[in-house]
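Work through the following exercises with the coordinates loaded, and try each task before reading its solution.

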Amino acid sequence: MIEELLNNADFKFVFRTEAKDLWSDVYKELEFKPIDYQNFRIDYLAKYHTQNYTNIKDLSIVILSDNKPIGIWPLIACFKKNSHFLFSNDQSIIPPLFKTDCSSKTIKKCLLESFNFLKNSGCNFNISIPYFGESKIMQWHQICLLNGMSSKINYNLYVDLYKELDEIKKSFRKSYKPLIGVAKKLWTTVIHDKKLTKCTWAEFKNLHYEVAGKKTRLDDTWDLQYENIKNDNAFFISLREDSSKMVGGGYFELSPNEGKYEVGVYDRELFDKPLGHIIQNTAIQELKRRGIRFYKIGRRFYESDNPQPTDKELSISYFKEGFASETYPEYILEYVKK
C-alpha cells in the first residue's frame, strides 16, 4: 500500500536500492553530510528492523527534477500486527536533503509533495530534525508546523572538532582528566581500522553478549558493522588488560562531517574503573586526526523529559556530557492522523 502511494506521488524518483551509486553521487553534493543518509547506514537499519517487524521495505529514494537527481530521502516501511510504520532511523523520519545547486523553488515543491505523501500514508509518524551544521529552522520544519504537527526538543551532545585539541580537552569535566591518565596506565588501547580481524571483532561481539546477558540483535547486523570498518566507514577501539583479555570497546561510524558513537560495551566487573573515559578520549583524538567536523556523542536526557528517562539513561547521558563542547537541539515533530 505505502509503496503504491509513493509510486503515485507527484514527484519523480528512483529507489535507492536500484541506484545506490546515484544516491552516493547526490550525497557527495550535500552541503552537510550526515551519517544517517549514507548507504551503509540505511542498509544496516533495514536489516536491524527485521527482528522487530515483518515485511521490511526500503523505500529510500533519489528525488528527480527534469530527470536529474537533486535530493535523497531515507525511508523505511515496516509492518507489524496489521499496522504499518514509516521511519528513516530508529524511530523517526528525517528530512529530504538536496544538492547545494538546487533552487529554493524546486526544493519547496519537492518538500510539499514529500509531506503530502506522508499525510496520505495512513500512518501516525514522527519527524526528527537533527543538527545539520547550522541553527536556523529548515523549510521542512516550517511545513511540518503549518500542517499542525506538535513539536518538542531533544538535546544532543557534540564535540566541535574544528577546535584545537587542547581547547577541546579544556571543556572535559574536570574530574575526567586524571581518570584518563589512570586508564592509560591500566589498559592497552588500540584503534582498529580496515585491518581489523574477524577474530578481534568476534571478541567484541561476545563481550557484548556477556555484558547484556542475552543476544540483543541479529548476527547479520554485526557483520554489516564489521564491513563498515573494513570499508573505512567506521572504526573500532578496543581496551585490553595486559594486552590479552578484552575488557571494553567502542564502535564509531563516520561521514565527511560527522562521527557518531554507536556501540560501547565494558566488562561489568570493571564498571567502577574509567573504561569509557579512555575510549571517548581516544575517539575524539582519532576523529580530530581524520578531519571530521563534529563528533555526535549522543542524547542528553533530563528528568523533565517526556516520556521520563530511566535512571540508566540519565546516568549515561551525564557521563557523555563530560566530554561535550556543544549541545544542539533536535526537533521532534509528531503527526497524528485525523
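A cavity is a set of points, on a 1 Å grid over the protein atoms alone, where a 1.4 Å probe fits but cannot get out, whereas a pocket is an open set with protein on both sides within 12 Å along at least five of seven lines; lining residues have an atom within 4 Å of a point. The model is predicted, with local features needing pLDDT of at least 70 and side-chain atom pairs counting only at pLDDT 80 or more, while totals for chains, interfaces and linings use all residues. Residues are numbered from 1 along each chain as its sequence is written, and side-chain values use heavy atoms, leaving out hydrogens and water.

**Exercise 1.** Determine which residues line the largest cavity.

*Solution.* Start with the count: the structure holds 1 cavity of 30 Å³ or more. Next take the volume, defined as the space filled by probe spheres set on the points, with grid points joined across faces, edges and corners; for the largest cavity this is about 80 Å³. The lining then consists of F32, P34, I35, D36, Y37, I94, P130, Y131, F132, E258, K260 and K296. Finally, sort by class, where Ala, Val, Leu, Ile, Met, Phe, Trp, Tyr, Cys and Pro count as nonpolar, Asp, Glu, Lys and Arg as charged, and the others, Gly among them, as polar: the lining has 8 nonpolar, no polar and 4 charged residues.

**Exercise 2.** Characterise the second largest pocket by its volume and by the classes of its lining residues.

*Solution.* The space in this pocket comes to about 840 Å³. Its lining has 31 residues, of which E31, L97, F132, E134 and M138 are the closest to the centre. By class, 19 of the lining residues are nonpolar, 7 polar and 5 charged.

**Exercise 3.** Work out how helices α3 and α9 are oriented relative to each other.

*Solution.* Helices are DSSP runs (H or I, at least four residues), numbered from the N terminus. Two packed helices are described by the angle between their axes and the distance between the axes. Axes are lines fitted to C-alpha atoms over the stretch in contact, and angles run from 0 to 180 degrees between N-to-C directions. The axes of α3 (residues 39-48) and α9 (residues 219-230) come within 9 Å and cross at roughly 170°. Angles over 145 degrees count as roughly antiparallel, so α3 and α9 are roughly antiparallel to each other. Contact (heavy atoms within 4.5 Å) involves F40, D43, Y44, K47 and Y48 of α3, together with D220, T221, L224, Q225 and N228 of α9. By class, this contact has 4 nonpolar, 3 polar and 3 charged residues.

Note on methods:
Helices (H or I, at least four residues) and strands (E, at least two) are DSSP runs, numbered from the N terminus. Angles under 35 degrees count as roughly parallel, over 145 as roughly antiparallel, 65 to 115 as roughly perpendicular and the rest as oblique.
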